[in-house]
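Biologist: Before I rely on the labels attached to this model, I would like to go through them and ask what stands behind each one.

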Amino acid sequence: MGYQWNWGVFAQPSATGDDTYFGWMLAGFKMTIGLSLSAWVIALLLGALVGVLRTVPNRVLAGIATAYVELFRNIPLLVQLFIWYFVLPELLPASIGDVYKQSNPVLQQFLASMVCLGLFTSARVAEQVRSGINSLPRGQKNAGLALGFTLPQTYRFVMLPMAFRLVVPPLTSEFLNIFKNSAVCSTIGLLELAAQGRQLVDYTAQPYESFIAVTLAYILINVTVMTLMHKFEKRIAVPGYIGGK
Amino acid sequence: MIKIANVSKHYGDFNVLKDCSTTVSKGEVIVVCGPSGSGKSTLIKCVNGLEPFQSGEIIVNGISVGDPKTNLSKLRSHVGMVFQNFELFPHMSITQNLAIAQVKVLGRKQDEAIDKGLKLLDRVGLKAHAHKFPGQLSGGQQQRVAIARALAMDPICMLFDEPTSALDPEMVNEVLDVMTELAQEGMTMMCVTHEMGFARRVADRVIFMDQGAIVEDDSKEAFFANPRSERAQQFLAKILHH
């Protein structure tokens, strides 16, 4: 195989001259992390809310929550991204749409990606939260109500603290997924990690080095997430229960 | 104190409760027994509104449970309930389990609530376990904590839903002892239980249910000496033959 390995490529000044190729990778790395973390905040908050609503006795609220989950869970992520980025700005009222379309293109890409990833993942988080709540012994809710707690108080003090502990492991998977799914956002031109890797290939013709670097960067991110979540899981473990001391 | 008048409940075509009526006066101890599926647990859960019912009326301390305008949370805060599976909150220490509803529902101060909780914990003989979590206690200990947690709310009456059925046989008595003591102090109690020894010792009346209906509602002397219905006679013959 006549491939010329050249790990020194990362130290070379980039074609545009203002940075090294390592700098490009670093910028992509930061973009992936910034995008994924901000989308994760949306996913957690909305997912928790929708997941809780799916379990409440009020049928209208539960129905809205179910529709939300089915909508965002059943459309491919890539299609959702194109809708957010290409279609939705056209559907906005002209005055708002124009302001959006004239804003910084990177900002547009980032916002569309963040909202898209956040909502897509929130539907998945909602399902985990719902299953966590439903897996609690039924008597827990009754015990809370019997003590005089209102239904919201029963959720807040009795059911959710245990339900969230139960779903930390599956939520860790979703947290890992959001970093991996963020690579899809390269398709609308957002220069995150995967896009920088591809750009590096175009400019340097060193595909192995650049994709090995991208792979290692994703592994670094996800090993870090796994380690942190594992520590978190231990910290919130309930004594005398599974995972506790 | 508790008046149950012509209460019926059905899931679809299935009648869980059929025209049940009885009363519990202040200070009375009522034992509700009957074969499984007879509706005893459902009946007791109707008393504090945990189970809705379609017709009839339940009045607790002058307040109608079935009335949609009733503030059920407020009513429940005065009606203690103990469950078959204890239902302590696993993520809280025993002390927090005892204090949280006092603070969040009754508005007591944290210190005051903890003091009161610890006194009751002492009463059920578990003071040394205050810092532990429910998962670190035995079933009997958890159930005693659950009784203390209900008592911490200063209930006007206590409902027990098969409090000893999930316990190992050797832990049954520690729970029954606490319940007996409570009965002797004059607490109004409605207990769904199969512990006939307990019924003999402390009950004022025994209610026997079968297929959703109250078949017998009599003083314990009359019930044990001479049950009127054939179904109750069979039931007693089966559980008292040891």
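Biologist: Why is Arg54(A) called buried?

Modeller: In this predicted model, Arg54(A) has a relative accessible area of 18%, and since buried means under 20%, the residue falls into that class. Arg54(A) is found in the loop between α1 (21-53) and α2 (59-74) of chain A, where, leaving aside residues up to four places away in sequence, its contacts are Ala62(A), Ala65(A), Thr66(A), Val69(A), Glu127(A) and Arg130(A).

Biologist: What makes the pair of Glu127(A) and Arg54(A) a salt bridge?

Modeller: The side chains meet at 2.4 Å, N to O, and the criterion asks for a side-chain nitrogen of Lys or Arg within 4 Å of a carboxyl oxygen of Asp or Glu, so the pair qualifies. Glu127(A) belongs to helix α5 (residues 105-134) of chain A and is 73 residues apart from Arg54(A), so that the pair links distant parts of the chain. Glu127(A) is buried as well, because its relative accessible area is 13%, under the limit of 20%. Salt bridges that share partners then join Arg54(A), Glu70(A), Arg73(A), Glu127(A) and Arg130(A) into one network.

Biologist: Why is Arg228(B) called exposed, and what is the class of Asp218(B)?

Modeller: Arg228(B) has a relative accessible area of 60%, and because exposed means over 50%, that label applies; Asp218(B), at 19%, is buried. The closest N and O atoms of the two are 3.4 Å apart, which is within 4 Å and therefore meets the salt-bridge criterion. Arg228(B) lies in the loop between α8 (220-225) and α9 (230-239) of chain B, and Asp218(B) in strand β10 of chain B.

Biologist: How do you know that β9 and β10 of chain B are paired?

Modeller: Strand β9 (residues 205-210) is joined to β10(B) by 6 bridges, the two running antiparallel, and since at least two bridges are required, the strands count as paired. Within this pair, Phe208(B) stands opposite Glu216(B).

Biologist: What makes β6 and β10 of chain B the edge strands?

Modeller: Each of them pairs on one side only, and they stand at the ends of an open sheet of 6 strands in the order β6-β7-β8-β3-β9-β10, with mixed pairing.

Biologist: What is counted between chain B and chain A in the way of salt bridges and residue pairs in polar contact?

Modeller: There are 0 salt bridges between the two chains, but 4 residue pairs in polar contact. The buried area is about 2000 Å², of which carbon and sulfur atoms give 68%, and Phe89(B), Pro90(B) and His91(B) supply 28% of the area that chain B buries against chain A, more than any other three residues.

How values were computed
Residues are numbered from 1 along each chain as its sequence is written. Chains are lettered from A and ligands numbered from 1 in the order in which they are written. This is a predicted model: local features need pLDDT of at least 70, side-chain atom pairs count only at pLDDT 80 or more; totals for chains, interfaces and linings use all residues. Side-chain values use heavy atoms; hydrogens and water are left out. Helices (H or I, at least four residues) and strands (E, at least two) are DSSP runs, numbered from the N terminus. Contact means heavy atoms within 4.5 Å. Buried area is the accessible area (1.4 Å probe) that two parts lose on being put together, summed over both. A polar contact is a pair of N or O atoms within 3.5 Å; within protein, one must be able to donate a hydrogen and the other to accept it, and residues adjacent in sequence count only if both atoms are side-chain atoms. Buried means under 20% relative accessible area, exposed over 50%, partly exposed in between (1.4 Å probe, protein chains only).
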